Amino acid sequence: MMNVFTSPFQNPFINLALEDHFLRGGADLPLLFFYVNRPSVVLGRFQNPWVECNLPYLVENDIWMVRRQSGGGCVFHDEGNLNFSFIVPEGMIDRKKHAEILQKAFLKAGIELQISPRNDLWLQDGNGEWKKVSGSAYKQTREASFHHGTFLVSSDLNKLEESLKQTMAPKNTKSIASVRSKVISLQQRHPGVEIQDVIDLVAHSLHTIPILLDGSLLSLPEMQASFNMLRSWDWLWGETPLFELETSEGVKSIRKGIIEETGEKFSPATMKGLLSEEQIQKYFPDFSEQHTSSNQIL
């Protein structure tokens, strides 16, 4: 028996903290957790935000920058994207099995999906070309594991494309690069299908009824600690792997948000005179509004 939970929140930091709570013993496993986030770009654990996303565009369009705990590539979330997370006891993770659960649920509704070698899900467009509709990643601990992913139901694919453009091309980087694929949303082939339809379809195939979470979990100390960690500078920017940047004084190495040559934080102040004003504005757009807004229960 696999319980299915859905989140009433659209704050990505809350939903990732809930996922982490379940992973660390907050519910009986296995379970399937569905959630929808406000517009956000979500980096993999070992990625570089300057390389993976268009930082000025994110600020200009009120798209949040988030770093998750799993590996894998950078993805775009909005209200038209459904996130799923299969959370299972340690040793039970089987990404192909989870992809097959989704594949079989859709097949019952007459929608054919293909599973790629990376256990992503692909949907055929009107011209017969297969495109990615769902990508996924995973995380394992001693106690449990999760396999989570996106499902593009009605996402804004233009914003997706613009959000995932590079801000800078560093001289060298140790970060994990995203693997880009042509994408498609479910509504492009099956107009009228909504996110709740997908949740109900999968829950029905698992012979269960989705359970809507309430806000009681948010008061738990471990939830608050996880939520605050995910929003912190140390996590969002300070977890960036080593990269090298060409400056007016030669190549500088930045590891975990710190300039190795000086021990200073990588910031507009420390880069003044080393980069042009145009570069500084591009590399360091003001995310203070995100930090303030992300503290709210959305």
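**Notes on the fold and its packing**

1. To start with the overall count, the chain has 12 helices and 16 strands. Its radius of gyration comes out at 20 Å, close to the 19 Å that the globule rule gives for 298 residues, so the chain is as compact as a globular protein of that length. The C-alpha trace spans about 60 × 50 × 35 Å along its principal axes. Keep in mind as you read on that this is a predicted model.

2. At the strand 13 end, strand 1 (residues 3–6) and strand 13 pair in the parallel sense, over two bridges. If you want a residue pair to look for there, take Phe5, whose bridge partner in strand 13 is Ile211.

3. What packs on this sheet?

4. Next, the helix 1 and helix 8 pair. Helix 1 (residues 12–26) packs against helix 8 (residues 221–231) with the axes 9 Å apart and an angle of about 130 degrees. That angle makes helix 1 oblique to helix 8, and the crossing of the two is right-handed. On the helix 1 side, the contact is made by Phe13, Ile14, Leu16, Ala17, Leu18, Asp20 and His21. Helix 8 brings Glu222, Met223, Ser226, Phe227, Leu230 and Arg231 to the contact. Sorted by class, this contact has eight nonpolar, two polar and three charged residues.

5. Helix 4 has a helix partner too. The axes of helix 4 and helix 7 (residues 195–205) come within 9 Å, crossing at roughly 105 degrees. The two helices are therefore roughly perpendicular to each other. Ile101, Leu102, Ala105, Phe106 and Lys108 of helix 4 meet Val198, Leu201, Val202 and Ser205 of helix 7. By class, the contact of helix 4 with helix 7 has seven nonpolar residues, one polar and one charged.

6. There is also an open sheet of three strands, in the order 7-8-9, with antiparallel pairing. Its edge strands are strand 7 (114–115) and strand 9 (130–134), and each of them pairs on one side only. Strand 8 (residues 121–124) pairs with strand 9 in the antiparallel sense over four bridges. Trp122 is one to look at, with Lys132 as its bridge partner in strand 9.

7. Two backbone details are worth a look. As background, most residues other than glycine have a negative phi, and most peptide bonds are trans. Leu29 and Pro30 are joined by a cis peptide bond, with omega at about 5 degrees. Pro30 lies in the loop between helix 1 and strand 2. Asn119 has a positive phi, near 65 degrees, although the residue is not a glycine. You will find Asn119 in the loop between strand 7 and strand 8.

8. Last, Leu157, which belongs to helix 5 (residues 157–163). Which residues does Leu157 touch, not counting those up to four places away in sequence? They are Leu152, Val183, Ile184, Ser185 and Gln188. Leu157 and Val183 are 26 residues apart along the chain, and their C-alpha atoms are separated by 8.0 Å.

Conventions. Residues are numbered from 1 along each chain as its sequence is written. This is a predicted model: local features need pLDDT of at least 70, side-chain atom pairs count only at pLDDT 80 or more; totals for chains, interfaces and linings use all residues. Side-chain values use heavy atoms; hydrogens and water are left out. Axes are lines fitted to C-alpha atoms, for helices over the stretch in contact, and angles run from 0 to 180 degrees between N-to-C directions. Angles under 35 degrees count as roughly parallel, over 145 as roughly antiparallel, 65 to 115 as roughly perpendicular and the rest as oblique. A crossing is left-handed if the near helix is turned anticlockwise from the far one by less than a right angle, and right-handed if clockwise. Contact means heavy atoms within 4.5 Å. Ala, Val, Leu, Ile, Met, Phe, Trp, Tyr, Cys and Pro count as nonpolar, Asp, Glu, Lys and Arg as charged, and the others, Gly among them, as polar. Two strands pair if DSSP finds at least two bridges between them. The radius of gyration is taken over C-alpha atoms; the globule rule is 2.2 Å times the number of residues to the power 0.38.
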